Amino acid sequence: MYNSGKIIAGLAVFFILATLPFLLNLGKANAKIEPSIDTPEINAMPVKHCVEPKAFMRSEHMQLLNTWRDEVVRNGNRIYVGSDGNEYGISLQNGCMKCHSNKKEFCDKCHNYMAVVPYCWSCHIAPKENKS
Amino acid sequence: MSMNRRQFLKLASASTVLGVGGASVISNIGRGNLEAAQIHPDPRALKAKRWGFVVDVSKLSTDEDYQKCVNACHDIHNVPNNPNPRHEVKWIWRDTYEHTFPNTAEDKIMNKELQEKNFLLFCNHCQNPACVRVCPTKATFKRASDGIVMQDMHRCIGCRFCMAACPFGARSFNYTDPRPNIKVENKTFPTRMIGVVEKCTACYERLAIGQQPACAEASSGAIVFGDLDDPNSEVRKLIAEKYTIRRKPELGTQPSIYYVIGGGEHA
């Protein structure tokens with residue numbers, strides 16, 4: 001092989017540069033994204049609970065919100081019965097965001113991390129940031 | 001491997017059946033996250049077969065009388081007050097007799113008082129709405145339960161077919177971002193965004209919790225709201241008692257707003 005020294009050295013440099021981001025972060029834990037539920041409204045609750053258990057809300061809130069949207073706007077159904085048997089008024093501005101009054105620390109934190117941009121807030125009015 | 005026609009057909013039909021069956025199994029996985037029984041209407045909600053309005057403009061005289069109905073609606077629904085008149089957004093507004101009933105306005109010898117009267121106009125919630133027929137995304141639709149012509153802002157793509165179709169000018173387009181032109185935001189109701197069409201929704205959000213539409217509540221009896229399908233409702237009694245007309249009935253959209261023309265004593 002002609003110029004084998006240069007080629008192998010070049011390949012080695014390329015390999016190191018290309019894998020540098022992975023090598024540097026090897027063994028380090030990912031920055032954990034934890035949405036904050038530290039609001040006065042949630043802290044005031046005797047038992048902290050959402051309309052569904054945390055795991056369900058974490059993975060399925062988009063489907064739940066889409067279903068809620070269609071049920072309210074198109075079918076006029078405004079009461080949701082949670083799996084705990086309690087009834088909840090369906091509303092983003094007057095329901096969800098009444099407790100989760102910290103949109104930046106709750107919604108935006110994960111959405112920014114995942115680079116998703118839901119268009120809720122181009123029409124719905126976000127709450128004033130509340131921190132306890 | 002050799003295969004005769006009979007074997008080939010057997011194999012093909014068997015794999016088709018399996019394929020179709022398999023597809024339906026796969027497409028049903030992940031469905032049914034929410035049961036229908038989990039969602040129901042508010043028990044306080046007002047119910048009707050077909051909502052309608054009776055507007056008695058003889059009960060409106062001063063500018064303030066009209067304006068309080070308009071403000072009652074526009075304030076709670078975050079309707080922007082755009083400075084450019086060509087970008088005007090309106091859910092309920094006042095207009096002249098000539099513009100309200102254009103096909104009768106050429107009459108030179110009619111009652112002058114009526115001809116010079118202003119009328120309150122808003123979405124007619126037609127029984128046969130032209131806007132719903134043309135909407136390509138079904139963003140505007142007629143609620144089967146109570147006949148309200150609704151606008152789903154989540155689906156509106158801003159094509160403005162509905163504005164062209166509506167013979168009553170009840171629809172407005174957001175040519176600009178409405179937020180800067182809303183003086184005081186009602187935090188319990190959404191705004192709209194640039195590029196969507198909006199209109200009167202018969203206060204569906206108030207009906208759902210048992211309240212009358214805002215304009216009817218603020219009008220001191222000039223706007224009466226009720227069920228047009230119920231012969232004992234207040235609106236039906238008013239329509240039976242007094243002479244009423246509707247806007248552009250010749251177009252066949254069957255508007256649900258009845259305007260009282262003239263007083264009871266001469267009718």
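View 1. Among what covers the buried residues of α3(A) are β1 (79–81) of chain A and, from chain B, β1 (39–40) and β6 (149–151). Helices (H or I, at least four residues) and strands (E, at least two) are DSSP runs, numbered from the N terminus. The buried residues in question are Trp68(A), Glu71(A), Val72(A) and Val73(A). Here a residue is buried if 20 or more other C-beta atoms lie within 10 Å of its own, exposed if 12 or fewer, and partly exposed in between, with C-beta atoms placed from the backbone. This is a predicted model, where local features need pLDDT of at least 70 and side-chain atom pairs count only at pLDDT 80 or more, while totals for chains, interfaces and linings use all residues. Residues are numbered from 1 along each chain as its sequence is written, and chains are lettered from A and ligands numbered from 1 in the order in which they are written.

**View 2. Helix α3(A) has a bend at Glu60(A).** The bend comes to about 80°, taken as the angle between axes fitted to the seven residues ending there and the seven starting there. α3(A) covers residues 54–75, 22 residues in total, yet its end C-alpha atoms are only 27 Å apart, short of the 32 Å that a straight helix would reach. That expected span is 1.5 Å times one less than the number of residues. After α3(A) comes Gly76(A), with a positive phi near 70°.

**View 3. An open sheet runs across the two chains.** Its 3 strands go β2(A)-β1(A)-β1(B), with antiparallel pairing. β2 (87–89) of chain A and β1 of chain B are the edge strands, each pairing on one side only. Strands pair if DSSP finds at least two bridges between them; β1(A) has 3 bridges with β2(A) and 2 with β1(B). Look at Ile79(A): its bridge partner in β2(A) is Gly89(A), and in β1(B) it is His40(B).

**View 4. Ile223(B) sits in strand β9 (residues 223–227) of chain B.** Ile223(B) counts as buried because it has 25 C-beta neighbours inside 10 Å. Leaving out residues up to four places away in sequence, Ile223(B) touches Phe53(B), Val55(B), Cys69(B), Leu120(B), Cys215(B) and Ala216(B). Phe53(B) is 170 residues away along the chain, but the two C-alpha atoms are separated by 6.6 Å.

View 5. His125(B) is buried, since 27 other C-beta atoms lie within 10 Å. With 16 other C-beta atoms within 10 Å, Lys248(B) is partly exposed.

Notes. Two residues are in contact if their C-beta atoms, placed from the backbone, lie within 7 Å.
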